[in-house]
Amino acid sequence: MSGWLSDRWDSRWLLFWYYSLRGLSLLFLPFAFGLGLFGLPLFAVFYGLDWVATVPPTIRIATAVFGRERAPVVFGWIFTAHQLGAASTALATGWSRTAVGSYDAAFITSGALCLFGSMLVLCIARRPQILPAFAELATGT
């Protein structure tokens, strides 16, 4: 469904909504347990459906900004950065749990970072804007 939406809507706005919903679901998670049987499934639906939905608009933006030839490499770096961020977050969450005795701070921080990221994605230019210093690297001259 996200690929279909990416063909019809501005991918920056799709990512804005995906990251915002992910952030809101993470902010909701510490309170989900107090809602009985419905809290955790509600979190799982919003968080789970949103997780893979970010791939098609990210690929579309990488292609639009960096071109068809460079987009696969750029997406590879985006994926690598994502994995490094996920590993760092897992480590920081473990430290936070050990220090504070709860995961709540990690969920709140992650949710806030997702909301911040949703705002940043709207700053992505629609057209390629390669800085002069990088133009030589990009063209190979």
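Which residues in helix 2 meet which residues in helix 4? In this predicted model, S11, R12, L14, L15, Y18 and Y19 of helix 2 are in contact with P57, T58, R60 and I61 of helix 4. By class, this contact comprises 6 nonpolar, 2 polar and 2 charged residues.

Two packed helices are described by the angle between their axes and the distance between the axes. For helix 2 (residues 11-32) and helix 4 (residues 55-100), the axes come within 9 Å and cross at roughly 145 degrees. The crossing of helix 2 and helix 4 is left-handed.

Side chains of opposite charge can pair when their charged atoms come close. In one, R60 pairs with D7, with 3.6 Å between the closest N and O atoms. R60 is partly exposed because its relative accessibility is 41%, whereas D7, with a relative accessible area of 52%, is exposed.

A salt bridge is also formed by R12 and D10, where the closest N and O atoms are 2.9 Å apart. R12 has a relative accessible area of 11% and is therefore buried, given that buried means under 20%. D10 is partly exposed, with a relative accessible area of 24%. Both arginines also take part in the contact between the helices, R12 on the side of helix 2 and R60 on the side of helix 4.

Terms used
Residues numbered from 1 in each chain as written. Predicted model: local features only at pLDDT ≥ 70, side-chain atom pairs only at ≥ 80, totals over all residues. Heavy atoms only, no water. Axes fitted to C-alpha atoms, helices over the stretch in contact; angles between N-to-C directions. Helix = DSSP H or I, 4+ residues; strand = E, 2+ residues; numbered from the N terminus. Left-handed = near helix turned anticlockwise from the far one by under 90°. Contact = heavy atoms within 4.5 Å. Nonpolar A, V, L, I, M, F, W, Y, C, P; charged D, E, K, R; others polar. Salt bridge = Lys/Arg side-chain N within 4 Å of Asp/Glu carboxyl O. Buried < 20%, exposed > 50% of the residue type's maximum accessible area, 1.4 Å probe, protein only.
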